[in-house]
Amino acid sequence: MADLKGTSITWLGHATVLIVTAKGTTILIDPFIEHNPKYPAGFELPSNLHYILLTHGHGDHISDVVPVAKKHNSTVVAIYELADYVAGKGVEKTIGMNMGGSVEIEDVTATLVDARHSSGAQDEQGTHYVGVAAGFVLAIANGPVLYHAGDTAPFRDMELIHELYQPKVAMLPIGGFYTMGPKEAALAVRFVAPEVVLPLHWGTFPPLKGTPEQLAALVEPGVRVIAWKPGEEFSL
Ligand code: NI
Ligand code: MN
């Protein structure tokens, strides 16, 4: 069974996830807060929020990045064009990387990996090119390897993510419509071969119909699919 060795993972609804390592590094992925109907009411982010990671430019993944980064003095990590875009919106500290590359953020090695999805950022001026959609692999020193897939369809090269990084915990979208649903996510689970699946991007809006129960019925018996609720911390 996956031992997270002191790392905690908290789902904040949709694809928004807060990770705190045993050493105390705080990482928020895809901040969607103000307009997120599933954001846990009254949930307070850590005052010291070191890093914000963005998988792609859609509003349901980046809409709160600027106020949160400003308030918490966070460094934003994203694909190059998206990092540049949020820097243009007033985020002072950004790291713009690209696919297959890694960056050391304290005790975490963050690697940008493929996703199958579109990526554009919309504001009053229209839609902007902000690079391609991505996922993140987070290898925590003396801790587990985590994978946040962002928004994606399944793709065979998820096998490379297993081969290269062997994540113990996979955070995968399962809601359908904008991303893969349970049927496709079950294949993604086979490719990534994690011990634990934390389902994301489901139940937020009516079209996102996929459920953890549906996924759980489709994966190998040895894989744990966690039916978590927003605001719940997952740790082992
Ligand atoms: Ni998206
Ligand atoms: Mn999305």
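## A pocket and a metal site

Q: Which element gives the largest share of the lining of the largest pocket?
A: This is a predicted model, where local features need pLDDT of at least 70, side-chain atom pairs count only at pLDDT 80 or more, and totals for chains, interfaces and linings use all residues. Residues are numbered from 1 along each chain as its sequence is written, chains are lettered from A and ligands numbered from 1 in written order, and side-chain values use heavy atoms, without hydrogens and water. A pocket is an open set of points on a 1 Å grid over the protein atoms alone, where a 1.4 Å probe fits, with protein on both sides within 12 Å along at least five of seven lines; lining residues have an atom within 4 Å of a point. Among strands (DSSP E runs of at least two residues) and helices (H or I runs, at least four), numbered from the N terminus, the largest share, four residues, comes from strand 9.

Q: Which residue bridges the nickel ion (ligand 1) and the manganese ion (ligand 2)?
A: Donors are N, O and S atoms within 2.8 Å of the metal (3.2 Å for Na, K and Ca), and sites may look incomplete because water is not among the atoms. The nickel ion (ligand 1) is held at 2.2 to 2.3 Å by His56 (NE2), His58 (ND1), His117 (NE2) and Asp151 (OD). The two metal ions lie 3.2 Å apart, and the bridge between them is Asp151.

Q: Is His117 buried, partly exposed or exposed?
A: Buried means under 20% relative accessible area, exposed over 50%, and partly exposed in between (1.4 Å probe, protein chains only). His56, at 0%, is buried. At 24%, His117 counts as partly exposed.
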